Amino acid sequence: MAQASYYTFTGAFVTLGVALLAYLWYSIGQREGAGRYATFFTVNAAALLTASLGLRWLASGRAPYSNQFEFAVSFAWGTVAIYLYLERRFRLRSLGFVAVSLAFVLLGYASVLPARIDPLISALQNHAMLTTHVAMAVISYGAFACAFAAGLLYLVNRNGAVEFLPAPEVLDEIGLKAVMVGFPAQGLMLVLGAAWAHVAWGSYWSWDPKETAALFTWLIYGAYLHVRSRHQWRGRASAWILVAGFGAVVFTFSGNYFLGGLHTYSGL
Amino acid sequence: MATGTTALTSPAPDPFRDGTQPVSTNGSRDWFDRLWSLLGSVRFGITLITLAAIATFAGTVVMQAPGTVQADPDQFAAWLVGPQSRYGEPFATIFEWLDLYRTFQSTWFRALLAVLALAITVNTTTRAPGILATVSRPPVAVLARLFDVAAHRAESETVIGPEAAVTNAIDALRRAGYRVIPTTIEGAPAAYADRNRFGKFGTFANHLGLLVILGSAVLGNVTGWREDAVMVPEGSVRAVGHDTGLSVRNEAFVEEYFLNGTAADFRSEIVVLRDGREVARGSIRVNDPLVVGGVRFHQAFFGPAVAMRVRNASGDVIYDDRVALGMTYDGDGVSRNGGNFVIGNRQYAVFVLVPSSALQGPDPSIPAGSVRLEVFAPRQPRPVAVETLSQGEHRTIVGHDFEFVREVQFSGLQVVFDPVVNVVWIGAALMLLGTVAVFNLPLKRAWVRATAEGEGTRVQVASTNPRGVIADREFADLVGRVGKACGGVPVALKAPPPEAPPGVREAHPLH
Ligand code: HEM
């Protein structure tokens with residue numbers, strides 16, 4: 001089953017690569033017709049990723065979020081899932097080449113990581129809590145990746161001159177919508193993490209570096225929501241925050257390489 | 001979020017301008033007013049959130065002194081050597097000056113959170129009347145000109161009369177989930193409709209939840225306590241302290257390993273005693289604490305312990321207990337694990353040392369399986385005796401017979417009392433549900449009006465919702481429903497007025 005999981009992972013990687021080419025062809029090559037193929041391949045890549053994670057879950061008997069490989073794949077899954085949601089909601093594909101690139105890079109990163117299945121140390125054996133806590137991380141970071149894509153394209157297409165990109169107002173709205181998904185999801189992630197720490201260590205908050213890194217990220221998106229309430233700060237200022245916020249996400253995600261603390265043993 | 005209310009709808013009362021505030025005549029009043037409006041301003045709120053974010057970032061990347069080190073000035077001073085060599089000058093000194101080695105415990109960080117809480121309180125109080133008015137006093141009566149200038153507007157023509165058209169439109173709006181209030185606008189039959197008006201309250205729940213979290217964290221710190229390292233050897237009893245009268249006995253410690261040697265699980269069988277009488281017993285593991293009268297016993301760590309027995313010169317047993325070797329001692333250029341106990345009426349302090357668990361090779365002076373005893377007399381910086389014993393061995397030291405009975409293990413427990421922790425969860429739920437409500441239940445408003453126009457009837461629809469891809473589509477959908485209900489022919493879905501808030505140009509349609 002672990003083998004099958006790895007095959008589906010590879011399949012998803014390849015399929016997403018094809019989807020990415022189709023999105024590039026659609027946007028930069030300006031071929032309307034490529035759009036449907038782009039969506040088709042992305043949906044299939046999402047299905048393969050779901051299957052891969054599901055198989056891994058079956059093989060290991062626990063949710064697939066317990067090492068950097070699994071988390072990278074899950075993060076890619078979250079990015080693709082939220083992107084597809086936004087594509088449907090806004091009926092718009094011209095964000096695809098950036099969002100799908102991000103997911104593709106994540107899968108590329110995962111492909112060089114060790115994919116073995118390790119037994120869990122006891123602090124991580126609280127399945128329901130672990131599953132929901134990390135699921136919220138996956139959804140929120142996926143949403144923030146999409147918000148980043150929108151913010152980045154906004155900065156590129158600030159005056160609407162780039163024809164194959166969505167209009168700046170639309171990008172502004174997509175960024176907000178993505179944060180509206182990501183911000184409460186990350187809030188729930190923090191609260192579930194606190195609940196978990198409360199059960200495991202007797203304190204719901206220890207100012208552990210991984211916790212504070214996540215709080216830092218959350219505060220950036222909190223600032224974004226308030227900045228947006230001032231009309232004159234919509235658009236450019238907001239877009240910059242989306243870019244910075246995603247920097248914080250990447251920092252949190254890769255933080256265990258240099259931060260240390262209570263979370264290090266989990267590899268997350 | 002704020003709904004773009006045009007000047008044509010009844011404006012929500014502004015607490016600063018509606019005259020309910022006394023006109024300030026004296027200086028202190030003026031000063032207070034200025035402070036109040038500073039605290040209530042969103043711009044200041046953004047500044048505070050940004051500062052909190054920067055502080056959190058600093059506390060994440062700069063080394064933080066552990067709690068036990070912070071508590072002791074000497075230890076803290078010794079600890080500072082680490083960051084000094086890591087960051088170099090001038091950073092090490094700047095960081096120290098900014099208290100960045102204990103960011104989250106620093107006075108300035110706590111003050112920042114306090115001001116944040118105050119700003120949230122003032123801002124929410126200030127916004128409350130406006131939001132209450134939005135909910136309780138819908139702008140039913142508007143000027144007909146709204147239908148010419150609103151952000152969203154459309155019209156259609158129908159052959160049925162104005163009254164019938166509005167009645168049908170009302171049905172359609174209700175079916176679309178709107179609350180409808182029939183009215184007349186400049187003499188013509190009309191209706192006001194809205195959805196999700198209570199969603200606005202989410203902002204109270206959201207910000208109140210934050211205040212509850214911050215408040216209960218402070219209260220928990222004041223009224224609660226925690227012991228992070230209660231080390232109880234197997235077979236021993238240790239007092240919890242904090243005037244609880246509680247003590248904990250470790251009946252057994254059990255560890256299990258995976259085949260590859262990594263720790264799979266460990267647990268302790270413990271008994272909790274109050275004033276010496278058993279009140280609870282249970283098995284605790286990392287994710288499964290024992291709770292006794294609000295005091296939580298968590299399994300945290302474990303390590304080696306030794307059973308020691310000491311007899312005085314007349315042969316009476318004066319010490320017979322187990323010593324947890326959970327501390328780290330540095331000396332002779334080696335680090336060792338150990339613990340200590342006192343004998344006599346504080347006559348001697350006895351340190352029991354074993355090779356460090358972190359040590360790779362053998363310890364130069366303690367053979368594996370042996371313990372080294374260092375006996376200190378009061379006020380003597382050097383031990384009065386140093387001896388190494390193997391298991392089962394007796395040795396006479398400072399006139400006493402010391403026996404290393406055997407090796408056991410100790411359980412490291414975290415014992416925590418936080419009487420308000422459940423309030424934290426209530427705050428968290430308020431915060432999250434409030435946020436979700438605001439985001440998913442945006443206030444939507446629409447007006448419909450029908451006027452006789454030549455042979456037929458003109459049906460106008462307008463909405464002041466902020467524009468956007470999704471809002472535009474929803475409005476188009478609503479217009480479709482109203483038009484269909486009236487049997488009308490849509491004439492125009494009007495383009496946005498030039499001064500409208502950022503709207504849509506052309507979204508690439510899906511097919
Ligand atoms: C960490 C602290 C804070 C968090 C997490 C937070 C969270 C939020 C969220 C999620 C929203 C959007 C939903 C809503 O309208 O309720 C919001 C809106 C708002 N917040 Fe906060 N808030 C914080 C601090 C503050 C402070 C300090 C102020 C003011 C001094 C403030 C004033 C506002 C206002 C005025 C809005 C409405 C904005 C609009 O009309 O679009 N908040 N806040």
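Visitor: How is the model to be read?
Guide: This is a predicted model, in which local features need pLDDT of at least 70 and side-chain atom pairs count only at pLDDT 80 or more, while totals for chains, interfaces and linings use all residues. Residues are numbered from 1 along each chain as its sequence is written, chains are lettered from A and ligands numbered from 1 in the order in which they are written, and side-chain values use heavy atoms, with hydrogens and water left out.

Visitor: Is A:Ser27 buried or exposed?
Guide: A:Ser27 belongs to helix H1 (residues 2–27) of chain A; helices are DSSP runs of H or I with at least four residues, strands are runs of E with at least two, and both are numbered from the N terminus. Buried means under 20% relative accessible area, exposed over 50%, and partly exposed in between, with a 1.4 Å probe and protein chains only. Because its relative accessibility is 2%, A:Ser27 counts as buried.

Visitor: Which residues is A:Ser27 in contact with, leaving aside its neighbours within four places in sequence?
Guide: Contact means heavy atoms within 4.5 Å. With those sequence neighbours set aside, the partners of A:Ser27 are A:Ser94, A:Phe97 and A:Phe164.

Visitor: Why is the pair of A:Tyr6 and A:Phe9 classed as it is?
Guide: Rings of Phe, Tyr and Trp (its six-membered ring) pair if their centres lie within 6.5 Å; planes under 30 degrees apart count as stacked, over 60 as edge-to-face and the rest as tilted. The whole structure holds 42 aromatic pairs over all chains. In the pair of A:Tyr6 and A:Phe9, the ring centres are 5.3 Å apart and the planes stand at 50 degrees, so the pair is tilted.

Visitor: Where do A:Tyr6 and A:Phe9 lie, and which class of accessibility does A:Phe9 have?
Guide: Both residues lie in helix H1 of chain A, three residues apart, about one turn of the helix. A:Tyr6 counts as partly exposed at 30% relative accessibility. A:Phe9 has a relative accessible area of 1% and is therefore buried.

Visitor: Which ring does B:Arg102 lie over?
Guide: A charge sits over a ring if NZ of Lys or CZ of Arg is within 6 Å of the ring centre and within 35 degrees of the ring normal. In chain A, the charged end of A:Arg230 sits over the ring of A:Trp233, 4.7 Å from its centre. One aromatic cluster is formed by B:Phe76, B:Trp79, B:Tyr87, B:Phe91, B:Phe95 and B:Tyr101. At 4.3 Å from the ring centre, B:Arg102 lies over the face of B:Phe76.

Visitor: Which residue is the bridge partner of B:Arg179 in S3(B)?
Guide: Two strands pair if DSSP finds at least two bridges between them. Strand S2 (residues 179–185) of chain B and S3(B) pair in the antiparallel sense over seven bridges. Within S3(B), the bridge partner of B:Arg179 is B:Asp194.

Visitor: Which strands stand at the edges of the open sheet of five strands?
Guide: This sheet of chain B has the order S12-S13-S14-S15-S16, with antiparallel pairing. Two strands each have a single partner strand, so one side of each is left without a neighbour in the sheet: strand S12 (327–331) and strand S16 (385–390) of chain B.

Visitor: What area is buried between chain A and chain B?
Guide: In this interface, 61 residues of chain A are in contact with 59 residues of chain B. Buried area is the accessible area (1.4 Å probe) that two parts lose on being put together, summed over both. Carbon and sulfur atoms give 66% of the area buried between the two chains, which is about 5,100 Å².
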